[in-house]
Every structure is written in structure tokens, then in C-alpha cells.
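Colleague: I have a new model open on my screen and I'd like to learn how to read it. Could you walk me through it, one feature at a time?

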Amino acid sequence: PGNIMVNDSEYRVIDWITACKGDPAADVARTTSSFDVGGGTGYLVAGASLNFADYSTLAELKNNKVNEGVSGVNTDIKNTASNKSYQFTANASAQYVQSYKTNGGVGAAFAWGKIDNDTSAIIDGGKYLSLGDVENHAFTDITEISAVLGVGIANSNNGSSGAFEGAVGFNVFDNNVVAAIRNVEEMNAETLSVKAYDTTISETDTYEKYVNGKRFAETTVDNKTKLERYHFDTTGETYVGEAKNGMDQGNNNDYLTDHGNSIITAAVEVNARLGEAERNNVSIGMAGVYNSIDNDFTSEVTGSTINLSGNSDVNAESTTRAVAVAVGGNGASHGFAGGGSVGLNFLNNDVVARVADSTLKTSQLAIQAFQRNTTANLVGQISISNLALGLSWAENYLNTNTNAYLNDSDVSNKDNGKTGVAIQAEDDALMYAVAATGSGTFGQNKIS
């Protein structure tokens, strides 16, 4: 009731509704009883954030006839499918329980992000004649982040108390990327590039100058002499030289940078039981993160007849990064403090580059499958009390298949010259798992 004042650990009866109508002793007894019943306090605080996305991107040329019956032309084809997406999921739970006697609080924060992606660039069937450069590319640049924060504090100076807090982050990423040329009756071109990847090339200032200078030169042939008179580089060679010198010095990151899909999950949990009471006090918390990633990258030429005067490249590449961070801290002024932090990364990757059941005339054929994935797992836990227990667990699970192959195909040079064939499959993975646990005790009875 409003007429009962509580100050620190003391209470004072200001008045009761029936103070003037009954025995004063009954009022005092009733007041004491009210405090006994109302002295125990408990709260449950829970929150969840869910973020689900389903993407489907398709760039397709199907059963077309290009330049049939036409001569003296040179047509470039660029068929590109891409997905550049960003997803952020966050949740926070905070609780503070203040009571004169026994109290307790339970809190939980949960964030779940999920992405299903299909990105495909396909040339299927048809006849493509008198072509220049043909590019059939599919790529993704996706960032998925989940962040969770849980804070719980229970404060009691004259009774048992407990504080329980959990923070869990969960990310699921299912990615399928396909670049394919299938069942093409005939394709006559200069060069061919088929790529499925998750690497984005960022052009820095020097490289942009080179590209723009070369493009400008190509479009200003008529004014070339006049521009050169004013010492303007119409060939782009100046910028080529600058870029080459920088790369020769090992500074190639100043010119070209790349990165792949990034899946990052972080959970932080802080839990404390405060107060001066020295009995049956508990502080328990948990921080957990889970990343599940399934990547499939396929680049292929199948069932097709292709005639090239230049080179051909069939490439599939994955450079995905998975990061898990779980940090927990638990403390109790007296009693037990315990906590656990768990980080789990599961990465399942299939990268395939292939030419199958095809006739291919080219001066050089390169079939390449690369994986350069990075998984990092950082977990920490600290517990402080008379009795302290801490657990940290960091685990990375990596299952990859990297395949590059040429089978059941006829490969030769269009002009009956020499043909170079290079087939390469490479998996260069980096895995980090770091777990740290600390526990501290104070008081006369110390167990850690």
C-alpha cells in the first residue's frame, strides 16, 4: 500500500486504512503479513527477433538465334545474375529485480536470421553466331548478421535471490549459385567466360583511372591528336604502369580488393546477483551462437558446341566468411555463479567447375574450382562468486567438396593449332577456434 514506506532494509508504517477503527496491534500484524507475502519478487523477461528472406534471381537466354544469316557483325553478350543483400537481426533483453527479501529474475534474448538464395545465369539452347566476348556470370555478395544482448540483475539485501539470463543468436544461410551454358546447338565467338562466385571486385582510385582512361581513349579516336597535344594520355598506359608498379611492390590490395559472403553471429550475456545477504544466492547465464552455412557454386558447359578464336574460362569460387562470437559474464555477491558460452560454426560447401559432353574449339581452356573460406569462433566466459563455474566451447565443422573436371568432350583449336588445357581444384581454408574461461572466488570458503 502507498502508506507503507520502504527505505533500504527498513520499513515504517505511516498509516493503515483501519488504523482508527480497530485494534492497533491487528494493523501492525497485518502490515507485517503484507510484507512477508509481498517480499518475494519474480520476473520473466523474454524477447525474440526473427528475420527470414527467400531470394530467387535468374538471368536466362533460352533457345535464341543471334546473328543467324548475318555477316560482318561482332556482338558481345553479357548475361549476369547477382544478389547483393544485407540482413541484420538483433534482440536485447534487460531486467532489474529489486526487492527487500527473496527475489528472482529470468531473462532470455533470441535472434534468428535465415536466408535462402538461388542465383542463376543460364544460356540454354539456341544458336549464337558472329559473337565477340561472351560472359555468363552469377555471383552473390550477401552479409547476414545476428546480434543478441541479455542483461539480468537481481538485488536483495535480506533473502535468497536468483538471476538467470540467456542470449542466443542463430543464423542459417542456404546459397545456390549457378552459371551454366547448356545444350547450345552452336556458338561462334572470340572468348567465353562462365563464372559462379561470391567475390566482389572493388575498384580503387588508381584502377578506376586506368579503366576510365582506356574507355575514354576508345571513344575519342577522332580527337586523339588534339588531346595528345595537351599531354592527355588517351591510351591508359600511364595508369596501367601505375597499377603494375604498385602490384609489383606487393601493394595489390590498393588496387583490387575482394570479399565473399559474410555470416556473423554475436551473443553477449551479463548476469549478476547483488546485495549483502549470505545465503542461497544464484547467478546463472548462457551465451550461445550457431551458424549453419550451405553453399553450392556450379559453373558448367554441358551438351554444347562452341567455336572460339580466343580463350575460354569456366570458373567456380567460394570465399565465404563465418564468424561466431559468444561472451558471458556471471557474478554473485554470495553463493553460486555459473555460466556457459558456446560457439558453433557449420560450413558445408560444394564448388564445381566442369565441361562435359561438349565440343569446344579454343586456343586455351581453363577449368578452375577454388575455395578460400574462413571460419572464426571466439568464445569467452567469466564467473565470480564463492562458488564459481565457467564453461567455454568453440567448435568449427567444415565439410567441403572442390571439383574441376573435363569429361566426355572434344577439345581442339579452331585453326588446328595448339590448345592449352588447365584444370585446377584448390581448397585453401582458414579455421580459428578460440575458447577462454575464467573463474574467481572471494570470501572465506573458496571453490572455483
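Modeller: Happy to. Keep in mind that this is a predicted model. Let's begin with contacts: among those between residues at least 6 apart in sequence, 85% join residues at least 24 apart.

Colleague: And what does the secondary structure of the protein come to?

Modeller: Four helices and 24 strands.

Colleague: How many residues does the protein have, and what percentage count as buried?

Modeller: There are 448 residues, and 43% of them count as buried. As for the surface, the protein exposes about 22000 Å², with carbon and sulfur atoms supplying 51% of that.

Colleague: Which strands pair with β15?

Modeller: Strand β9 (residues 191-197) pairs with β15 in the parallel sense over six bridges. Strand β19 (residues 364-371) also pairs with β15 in the parallel sense, over eight bridges. To find your place on screen, look for A196 opposite A316 in β15, then for D313 opposite A366 in β19.

Colleague: How should I think about side chains along a strand?

Modeller: In a regular strand, side chains alternate between the two faces of the sheet.

Colleague: Now salt bridges. What's the general idea?

Modeller: Side chains of opposite charge can pair when their charged atoms come close. A salt bridge here needs a side-chain nitrogen of Lys or Arg within 4 Å of a carboxyl oxygen of Asp or Glu, and by this rule the count comes to nine.

Colleague: Which side chain does K62 meet in a salt bridge?

Modeller: K62 meets D124, at 3.0 Å from N to O. The pair links distant parts of the chain, with K62 in strand β3 (residues 41-66) and D124 in strand β5 (residues 103-128), 62 residues apart.

Colleague: Are the two partners buried or exposed?

Modeller: K62 counts as partly exposed because its relative accessibility is 44%. D124 counts as buried, because its value is 16%.

Colleague: What about E186 and K127?

Modeller: Their side chains form a salt bridge at 3.9 Å, N to O. E186 sits in strand β8 (residues 186-189) and K127 in strand β5, so to speak distant parts of the chain, 59 residues apart. E186 is partly exposed at 24% relative accessible area, while K127 counts as buried at 16%. Both belong to a network of salt bridges that links K65, E68, K127 and E186.

Colleague: Where do R372 and E426 lie?

Modeller: First, their side chains meet in a salt bridge at 4.0 Å, N to O. R372 lies in the loop between β19 and β20 (374-384) and E426 in strand β23 (residues 420-427), so the pair ties together parts that are 54 residues apart in sequence. Both count as partly exposed, R372 at 33% relative accessibility and E426 at 28%.

Colleague: Last one: which residues form a nonpolar patch on the surface?

Modeller: L149, V268, V270 and V327, with about 270 Å² of accessible area together. Residues need over 30% relative accessible area to join a patch. V270, in strand β12 (residues 262-274), is partly exposed at 41%.

Terms used: Residues are numbered from 1 along each chain as its sequence is written. This is a predicted model: local features need pLDDT of at least 70, side-chain atom pairs count only at pLDDT 80 or more; totals for chains, interfaces and linings use all residues. Side-chain values use heavy atoms; hydrogens and water are left out. Patches are made of residues with over 30% relative accessible area and no salt bridge: like charges are joined within 9 Å, nonpolar side chains (Val, Leu, Ile, Met, Phe, Trp, Tyr) within 5 Å. Accessible areas come from the Shrake-Rupley method with a 1.4 Å probe; for residues, only the protein chains shown count as cover. Helices (H or I, at least four residues) and strands (E, at least two) are DSSP runs, numbered from the N terminus. Buried means under 20% relative accessible area, exposed over 50%, partly exposed in between (1.4 Å probe, protein chains only). Contact means heavy atoms within 4.5 Å. Two strands pair if DSSP finds at least two bridges between them.
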